[in-house]
Amino acid sequence: MIYLDNAATTRMYEGAVDVYKKYACQSFYNMSAGYNKAIEVAKDIDETRNLILKKLGVRGYIIFTSGATESNNLAIYGSKRNGKWEYVFSEGEHPSVYNVATDLQNQGFVVHFVRLKENGQIDYEQLQNVINERTRLISVMHVSNETGAINDLKRVDLIRQKFSPKALLHVDGVQAFCKLDYKIGDYNIDLYTISSHKFHGPKGVGALYVKNLNALKNITFGGGQEKGYRSGTENTSGIMAMGYAISHFNTKDNYNYVEQLKNLLKEQLSVDKKIKIFDVGSPYILSVTFPGVNGETLMRALQDYDILVGNGSACSTRKAGNRVLESMGYNLNEIKSHVRISFSEELSLKEIDFAGKKIVEVYNNILEKVK
Amino acid sequence: MKVLLLRFGELYLKGHNRYVFENMLIHNIKNMLAGEDFRISKTFGRYVVTDYREEREIELIEKLKRVFGLYSLSPADEVDSDVEKIEDYISKIKCEGESFKVFVKRADKSFPISSMEFAKKLGEIVLNNNKNSYVDLYNPEHEIYVDIRINKKAYIFDKIIKCQGGLPLGSSGKGLLLLSGGIDSPVAGFLMARRGMMFEALHFHSYPYTSELAKDKVITLAKHLTNYVGNLRLHIVSFTKVQEEIHKRCKSEFMITIMRRIMMRVANKICEKYNLGAIITGESLGQVASQTMQSMTVTGSVVKDIPIFRPCLAMDKEEIIQISKSINTYDTSILPYEDCCTVFLPKNPVIKPTIKQALGEEQYLNVDALVEECLEKEEILEVSSEFDNRD
């Protein structure tokens, strides 16, 4: 199986499974209990917090959650304040941010959506125009899950410092964490979301980085775990397994290797001039359109050759479009023929070579039949 | 004693073969209630369900409401049809402050008092026991029915619950339903089943142009239909090759016409093979290009020896939607997966094709071979009515 949908999820590291098992079957204690065995688990969990902070290159707090959706909800609803505050989101956000934004709008808050430009990044001029001293929160994703475009967070921060210094900056870093080399301390980020299963950790666990806890309120209620911001017994095995994945993910080496994979695939695909490749940011994600063929059809046809590609959160009907690509100015036909190819360091150059050729072949086969 | 009194509708119209229908109905009732504790007996013109667990009454009623051939039912109390015993029962009815009406029906003419007389008498008893109540013959808040049957029992109840009507399932033979995944075809199946026709279903898919999810959706629809028709056999046929061939060789505006002609041929063959006596479709006159009078003439003309039943033919979309909601297929039908009819959809499909034109297009195809190939790759699923997470 040649798995080219690593932006959807990744294979869990075997070592992470071992760690998961250890904390599920041996050190399974509830870390809130007072006996030494439990205190040891709590210490291990705190080590994982430090590991994440170190990776992010910043001081602050880590709140463990069930994943990015919960982190994003906590970041946005948790920082919501009553009064005449305004909220700013990009049009390229993942549904776990975007649908929160539309909910705020339905609740009567003033919500601004910033367009995307052709290169997949947000329109910084528009951002500048919509933020002001009433802005409570700006939420911009780090790397687009659809296109791999990387937003210039330094620039976002500078605009914020200048036009709305009090506004909080939330960044959904799901497709960036571990994969890109950066220090969020450089961008003065207030809230940062990560998700374990995107870098070979288990599903069902994630975290929210919080610079200043005073900015946040809890949105669920219970036993007061995670400093009260996320009640519920901690998913200790999940958290420890995530920690394993973080410490075994070699950001620099993987980046360089994945870039090689991506370049090889680009080379293979560009043999066919009809195919349009959109390569603007993270080497982990390549957005490709195959004119004349429905992306979903291509995806299904490729799986018969054991090649799995994604079509993102793309359209499943004739009617529904794709919000992100639409915002970038894609027309409906381009959206329909869009496929997302996303890499992992576990792929070999040989596999990519085979996949690249096969994709071109299968694409042309279908095109021949449907044109 | 608590009982459920069942009435059947149209079976009255039957002559000397009426017992066949009645036996079928009772068989279907027993099937529908399988797993429940109950007994069922027949008195002239009624079935009576007895000895069931009272706490299951609501579920029993829900199930019986899905049995075709039943016209209505009433949860009732059974008493001996004796004047005093009935009066005694009626004297215990509480409807303080409400308007009421007593209906008496006397199938047993040996009962000593006429229906009218007895109704008056019982009304008086109710009035005496409920001082602030009054009789309202036109719009009563409380209805009291007394049904005196020839088995020397009287059934007393306060409501009549409407059932599906129609004829017992199986009494009208067995057909083949073309099940697309849309709103209309499950409704068509339901309507034919209500007229007593059992059916198997046939679905065409076009992988990889359509998704596995589209197939799953059809299985879910079939599952919903099993609530009415019991276990259902689903034939699944790959139509990819046919569509590719038509697309390649025929004029694009004839895509749908030729496609449907081949579908009909495949259906015809499957009917032959499995001994099914009719093709059922969800077509509604004029709804889309392939459902005009001319299109149906052209697609229907390839079917030999059996009829095509189109129960939605004269219905408006809104009426079809209403039925699909009532049989719980609507929410599944509107899931947004492409079905095989939406792939290769021409911009301007022909609205008034002729048989001659269709034959003209088909000469570029090896129709028989395509039909054979469809049949070779036929997949059969037995969709059972057991509960699973689709429900």
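A:His200 sits in the loop between strand 7 (191-195) and strand 8 (206-210) of chain A, where helices (H or I, at least four residues) and strands (E, at least two) are DSSP runs numbered from the N terminus. This is a predicted model, in which local features need pLDDT of at least 70, side-chain atom pairs count only at pLDDT 80 or more, and totals for chains, interfaces and linings use all residues. Residues are numbered from 1 along each chain as its sequence is written, while chains are lettered from A and ligands numbered from 1 in the order in which they are written.

Although A:His200 is not a glycine, its phi is positive, at about 75 degrees. Most residues other than glycine have a negative phi, and most peptide bonds are trans. A:His200 is buried, with 26 other C-beta atoms within 10 Å; a residue is buried if 20 or more other C-beta atoms lie within 10 Å of its own, exposed if 12 or fewer, and partly exposed in between, with C-beta atoms placed from the backbone. B:Lys152 also has a positive phi, of about 65 degrees, without being a glycine. B:Lys152 belongs to the loop between strand 7 (142-148) and strand 8 (153-157) of chain B and counts as partly exposed, with 13 C-beta neighbours inside 10 Å. A further backbone feature is the cis peptide bond that joins B:Tyr207 and B:Pro208, with omega about 5 degrees. B:Pro208 is in the loop between strand 11 (198-205) and helix 6 (212-229) of chain B.

Turning to confidence, the model scores ipTM 0.76 and pTM 0.85. The mean pLDDT (the predictor's confidence in each residue, from 0 to 100) is 94 for chain A, with 97% of the residues scoring at least 70. Over residues 312-320 of chain A, however, the pLDDT is below 50, and this stretch has 19 contacts in the model beyond near neighbours in sequence; two residues are in contact if their C-beta atoms, placed from the backbone, lie within 7 Å. For chain B the mean pLDDT is 92, and 97% of its residues reach 70 or more.

Chain B has 13 helices and 15 strands, and 42% of its 391 residues are buried. Of the contacts in chain B with a separation of 6 or more, 81% are between residues 24 or more positions apart.

Two helix pairs of chain B show how its elements pack. The axes of helix 5 (residues 184-194) and helix 10 (residues 317-326) of chain B come within 9 Å and cross at roughly 75 degrees; axes are lines fitted to C-alpha atoms, for helices over the stretch in contact, and angles run from 0 to 180 degrees between N-to-C directions. These two helices are therefore roughly perpendicular to each other, given that angles under 35 degrees count as roughly parallel, over 145 as roughly antiparallel, 65 to 115 as roughly perpendicular and the rest as oblique. B:Asp184, B:Pro186, B:Val187 and B:Phe190 of helix 5 meet B:Ile320, B:Ile323 and B:Ser324 of helix 10. Helix 7 (residues 240-249) and helix 13 (residues 367-376) of chain B pack at about 160 degrees, with their axes 9 Å apart, and are therefore roughly antiparallel. Here B:Lys241, B:Val242 and B:Glu245 of helix 7 contact B:Leu370, B:Glu373 and B:Cys374 of helix 13.
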